[in-house]
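Here's a quick briefing to read alongside the model. Have the viewer open and follow along.

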Amino acid sequence: MPRLILASQSPARTKLLAEAGIRHTVLVSDVDEDAVQARYGVTDPHDTALLLARAKAEAVAALPEAEGALVLGCDSVFEFDGEAHGKPYTAAVARERMLRMSGNTGVLHTGHWLVDCRDTDPDDGGGEQGSGATLGTVASAAVSFLEMEPAEIDAYIATGEPLHCAGSFTIDGLGGAFIRKVDGDPHTVVGLSVSTLRDLLASANVRITDLWPA
């Protein structure tokens with residue numbers, strides 16, 4: 001049976017996969033995101049999401065533990081007013097962003113990169129035939145926010161939830177209360193589009209149903 005490794009420490013991503021019935025394990029990369037962006041000079045939010053997803057996937061794919069597995073890397077970047085918004089980390093940055101986002105719309109880009117680490121020429125002793133695939137794509141969704149009162153923003157920030165989320169919000173947690181609508185795959189806003197994963201797996205000659213529990 002195919003083995004999928006998620007190269008992400010995001011609890012939301014692994015929860016999403018688990019709820020979709022997709023068997024996987026988690027192996028976190030030690031990629032320095034700032035260093036990767038500085039090296040390639042990428043500033044476009046769409047391209048940044050894909051670049052970081054690829055860096056994470058390829059870092060984990062190079063580990064011995066990834067031998068014989070399919071490795072998926074993901075990264076999300078929120079685009080607002082032409083700017084790329086990653087994780088705010090501080091309350092001040094989160095508050096400034098959310099005040100601007102109130103009543104407005106931005107685009108959440110989630111990059112996906114899949115590396116097939118299975119042997120492309122397995123011996124007669126068995127083993128899955130790998131495709132040698134290393135490919136990715138970006139899924140994007142427009143997120144429209146309700147008007148948010150400053151007191152609501154402060155209360156939300158005080159929970160700590162938005163400080164470690166791209167764009168300073170979640171859709172599957174407390175932040176969902178401030179989202180008016182999503183145009184696109186809602187899973188993209190969580191940080192991993194299951195339908196996009198299905199397409200990437202198909203390119204590696206794997207059906208997503210092969211990862212469902214037996």
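This is a predicted model: local features need pLDDT of at least 70, side-chain atom pairs count only at pLDDT 80 or more; totals for chains, interfaces and linings use all residues.

**Aromatic pairs and the rest of the fold**

Let's start with the rings: there are five aromatic pairs, counting Phe, Tyr and Trp rings (the six-membered one for Trp) whose centres lie within 6.5 Å, with planes under 30 degrees apart called stacked, over 60 edge-to-face and the rest tilted. Residues are numbered from 1 along each chain as its sequence is written, and side-chain values use heavy atoms, with hydrogens and water left out.

**Aromatics**

- Phe-78 and Phe-80 make a stacked pair, 6.3 Å centre to centre with 15 degrees between the planes.
- Phe-78 has a relative accessible area of 0% and Phe-80 comes in at 2%, so both Phe-78 and Phe-80 count as buried (under 20% relative accessible area; exposed is over 50%, partly exposed in between, with a 1.4 Å probe and protein chains only).
- Phe-78 also pairs edge-to-face with Phe-145, at 6.0 Å centre to centre and 85 degrees between the planes.
- Since Phe-78 sits in strand S3 and Phe-145 in strand S6 (residues 134–145), that pair ties together parts that are 67 residues apart in sequence.
- Phe-78, Phe-80, Phe-145 and Phe-169 form one aromatic cluster.

**Overall layout**

- The chain has seven helices and seven strands, taken as DSSP runs numbered from the N terminus (H or I of at least four residues for helices, E of at least two for strands).
- Along the sequence, the pattern reads β-α-β-α-α-β-β-α-β-β-α-β-α-α.
- Along its principal axes, the C-alpha trace spans about 65 × 40 × 25 Å.
- Buried residues make up 44% of the 214 residues.
- Of the contacts (heavy atoms within 4.5 Å) between residues at least 6 apart in sequence, 70% join residues at least 24 apart.

**Nonpolar cores**

- The largest nonpolar core has 20 residues, and Leu-4, Ile-22, Leu-72, Leu-114, Leu-197 and Leu-201 touch the most other members; a core here is a set of buried Ala, Val, Leu, Ile, Met, Phe, Trp, Tyr and Cys residues joined through side-chain atoms within 4.5 Å.
- Strand S1 (4–6), helix H1 (11–19), strand S3 (70–80) and helix H7 (194–203) each supply at least two residues of this core.
- H7 gives the largest share, four residues.
- A second, separate core of 18 residues includes Phe-78, Val-143, Met-148 and Ile-153.
- Beyond its neighbours within four places in sequence, Ile-22 contacts Leu-4, Leu-17, Val-194, Leu-197, Ile-208 and Leu-211.

- In H7, the buried residues are Val-194, Thr-196, Leu-197, Leu-200 and Leu-201.
- Looking down the axis of H7, these fall within an arc of 150 degrees, so they line one face of the helix (the arc is that of the directions from the helix axis to the C-beta atoms).
- Covering the buried residues of H7 are, among others, S1, H1, S3, strand S5 (105–116), S6 and helix H6 (186–190).
- Just after H7, Asn-205 takes a positive phi of about 65 degrees.
- In H1, Arg-13, Leu-16 and Leu-17 are buried, and they fall within an arc of 95 degrees seen down the axis, so they line one face of H1.
- Pro-11 and Glu-19, on the other side of H1, are exposed.
- The buried residues of H1 pack against S1, S3, H6 and H7.
- Gly-21 follows H1 and has a positive phi, near 75 degrees.

- Ala-139 sits in strand S6 and is buried at 9% relative accessibility.
- The C-alpha atoms of Ala-139 and His-109 are separated by 5.9 Å, though the two residues are 30 apart along the chain.
- Ser-29 lies in the loop between strand S2 (25–26) and helix H2 (33–40), and at 18% relative accessibility Ser-29 counts as buried.
- Not counting residues up to four places away in sequence, Ser-29 touches Lys-56, Ala-59 and Val-60.
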